[in-house]
Amino acid sequence: RFFSRGPRVPVLRFTGPIGMATPLRPGLTAGAVAGAIGKAFTMSKTPSVAIALNSPGGSPVQSNLIFKLIRQHASEQNKKVYVFCEDVAASGGYYLAVAGDEIYGDASSIIGSIGVISASFGLDKAIGRIGVERRVYTSGENKGALDMFRPENADDVARLKELQRDVHDVFIGIVKDRRAAKLRGPDGEHLNYRDIAPK
């Protein structure tokens, strides 16, 4: 037929930080993208869904929830997922990328960064110089941990690093599970991203 069109592959576009949100620029969260993900996997009879990804990462929890949503729908609908990385798919952005069965990126795309970071400031000396007295009242142990207005506490740092290791191990496990056939080299080396095909 003259006006007939071939099948069209649904495209999900994930852009921006994950989990972080401001009133004017909301970040990517499972709640915000769940409807779009569900629609993409059910709106077409094509055997695949494409994801256009451009994210520097963010919340590990939201990254994992979105990853699980994609894989759940892909399994239920028996569809293949193609991920196309744009400028950046780093940290949580890479977490979303590995939800794809195939990952494509530009030669200049920043892809990877398997890790967990926590950053703060130490302002305890600054408030002392300007005569500010810090007053914090808590009812639970460690509720004031990592307070930037108090001197750094070794026990607080140790607990934070343990939490980071747990999150990092989950991240590594997901990458190994999804990209096992593509990974080269022993643990501890930077992952080899030559397995990501150019667009």
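A search of the whole structure, which is a predicted model, finds 3 aromatic pairs. Two of these pairs are set out below.

| Aromatic pair | Arrangement | Centre to centre | Angle between the planes |
|---|---|---|---|
| F67 and Y95 | edge-to-face | 5.7 Å | 75° |
| F84 and Y104 | stacked | 5.3 Å | 15° |

F67 belongs to helix α2 and Y95 to helix α3, so their pair ties together parts that are 28 residues apart in sequence. Both F67 and Y95 are buried. Ring pairs also link F67 and Y95 with F171 into a cluster.

I51 is one of the residues with the most contacts inside the largest nonpolar core, which has 32 residues. Elements that each supply at least two residues of this core include β1 (11-15), β2 (48-55), β3 (80-90) and α5 (154-179).

Turning to the whole chain, the protein has 5 helices and 6 strands, and along the sequence these follow the pattern β-α-β-α-β-α-β-β-α-α-β. Of its 199 residues, 34% are buried. The accessible surface comes to about 13000 Å², and carbon and sulfur atoms account for 54% of that area.

Note on methods:
Residues numbered from 1 in each chain as written. Predicted model: local features only at pLDDT ≥ 70, side-chain atom pairs only at ≥ 80, totals over all residues. Heavy atoms only, no water. Core = buried A, V, L, I, M, F, W, Y, C linked by side-chain atoms within 4.5 Å. Buried < 20%, exposed > 50% of the residue type's maximum accessible area, 1.4 Å probe, protein only. Helix = DSSP H or I, 4+ residues; strand = E, 2+ residues; numbered from the N terminus. Areas by Shrake-Rupley, 256 points an atom, 1.4 Å probe, with all protein chains shown as cover. Phe/Tyr/Trp six-rings, centres within 6.5 Å; stacked < 30°, edge-to-face > 60°.
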